[in-house]
Amino acid sequence: MSKNNPPGFVKSMFGAIAPYYDFLNRLLSIRQDVYWRRRLVAAMDLGQNARVLDAACGTGDVMLEIWRQKPGARVCGIDFSTEMLGIAARKIRQAARNPEGRLLAADILHPPFAQQSFDGISIAFGIRNITRRDLALEHFFRLLRPGGMMAVLELSTPRAGILRDLYLLYFKKILPAVGGLFSQNMRAYQYLPESVLNFPRPRAFAGLMESAGFENVGWKGLSAGIATLYTGRRPA
Ligand SMILES: C[S@@+](CC[C@H](N)C(=O)[O-])C[C@H]1O[C@@H](n2cnc3c(N)ncnc32)[C@H](O)[C@@H]1O
């Protein structure tokens, strides 16, 4: 995140776009976001009753995908936007789950959990928005039990060639226009490509995960590199 986009900006931006967030995700990614979250959850290799933290849970799509894959999982979501959490609560209720005690309004940089509370931690499209990624990763490491798995999903761009040129045209010009039109929030959909283009390359972000203590760190480009899935384990 750039110095011009402090946490207060990020929080109020997600608060403002919350009602349009799911619709625009599906539209702007032509539903690839659903597939990416499926891959994220599968990558955590969770047991049936795993305790899972979904950080920056937003409107709850990762939490619902965890329950789809592992109905017995004990999932907790945290996010600092109460507007995003309100939508998550409604969706969780509609899925016949009780949102009570599962959704917490909290900053990832001040997580209200004891050490080693979770078997798995996920964060989808969240880490890019956090100023102190190093601190966030250190918190995630401490919150995982030894042997627990962390999975990070983040938007990225194709590496090279005509595909990259075409994607950048879409990402920098068309996406902000469409997103701004539907959400009436131009700045939010300009911030999206800016923040993705400012995010470290996979090797560099994997290095940050290793510095926080994770081992077996790896990454995989999804949908021609439009998203990247990172995984790492807390040593057993
Ligand atoms: C792009 S949304 C991702 C939501 C969801 N994970 C998904 O898959 O759609 C990013 C979310 O991160 C949250 N967020 C950003 N920084 C945060 C922080 N420091 N602490 C808690 N939540 C944060 C925002 O409020 C927003 O809901």
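Where does Phe80 lie? Phe80 sits in the loop between strand S2 (74-79) and H4. The model shown here is predicted. Phe80 is partly exposed, with a relative accessible area of 23%. The cut-off for buried is under 20%, so Phe80 does not count as buried. In sequence, Phe80 and Lys11 are 69 residues apart. In space, their C-alpha atoms are 6.7 Å apart.

Ala50 lies in the loop between H2 and strand S1 (51-55). Ala50 and Phe118 are 68 residues apart in sequence. From C-alpha to C-alpha, Ala50 and Phe118 are 7.7 Å apart in space. Ala50 counts as buried because its relative accessibility is 4%, and buried means under 20%.

Next comes the ligand. How many residues surround the ligand? The shell holds 20 residues. The closest are Tyr21, Arg37, Ala56, Asp79 and Ala124. Helix H1 (residues 7-28) gives the most to this shell, with four residues. The space that the ligand takes is the largest pocket.

Several contacts can be followed atom by atom. Start with Tyr21. An N or O atom in the side chain of Tyr21 is 2.7 Å from an oxygen atom of the ligand. Turn to Arg37. A polar side-chain atom of Arg37 lies 2.9 Å from an oxygen atom of the ligand. Ile108 uses its backbone. A backbone N or O atom of Ile108 lies 2.9 Å from a nitrogen atom of the ligand. Taken alone, the ligand exposes 600 Å². The protein buries 98% of that area.

Charge pairs come next. Side chains of opposite charge can pair when their charged atoms come close. The count of salt bridges comes to 13. One of them joins the side chains of Asp119 and Arg145, at 2.7 Å from N to O. This pair links distant parts of the chain. Asp119 is in strand S4 (residues 118-124), and Arg145 is in strand S5 (residues 144-155). The two residues are 26 residues apart. Is Asp119 buried or exposed? Asp119 is buried, with a relative accessible area of 15%. Arg145, at 31%, is partly exposed.

Asp33 and Arg26 form another salt bridge. Their side chains meet at 2.6 Å, N to O. Asp33 has a relative accessible area of 2% and is therefore buried, the limit being under 20%.

A further salt bridge pairs Asp134 with Arg132. The closest N and O atoms of Asp134 and Arg132 are 2.9 Å apart. Asp134 counts as partly exposed at 30% relative accessibility. Arg132 is also partly exposed, with a relative accessible area of 40%.

Ser195 brings in a polar contact. Ser195 is found in helix H7 (residues 186-198). Which residue does the side chain of Ser195 contact? The partner is Arg128, and the polar contact between the two side chains is 2.8 Å. Ser195 counts as buried, because its relative accessibility is 3%.

Arg31 has a positive phi of about 65 degrees, although Arg31 is not a glycine. Arg31 is placed in the loop between H1 and helix H2 (32-43). Its relative accessible area is 52%, so Arg31 is exposed. Ala96 also has a positive phi, near 60 degrees, and is a residue other than glycine. The loop that holds Ala96 runs between helix H4 (82-94) and strand S3 (103-105). Ala96 is exposed, with a relative accessible area of 71%. The cut-off for exposed is over 50%, so the 71% of Ala96 puts this residue in that class.

Notes:
Residues numbered from 1 in each chain as written. Predicted model: local features only at pLDDT ≥ 70, side-chain atom pairs only at ≥ 80, totals over all residues. Heavy atoms only, no water. Salt bridge = Lys/Arg side-chain N within 4 Å of Asp/Glu carboxyl O. Buried < 20%, exposed > 50% of the residue type's maximum accessible area, 1.4 Å probe, protein only. Near = heavy atom within 4 Å. Polar contact = N/O pair within 3.5 Å; in protein donor to acceptor, adjacent residues only side chain to side chain. Areas by Shrake-Rupley, 256 points an atom, 1.4 Å probe, with all protein chains shown as cover. 1 Å grid on protein atoms, 1.4 Å probe; cavity = no way out; pocket = protein on both sides within 12 Å on 5 of 7 lines; lining within 4 Å. Sits in = over half its atoms within 2 Å of the grid points.
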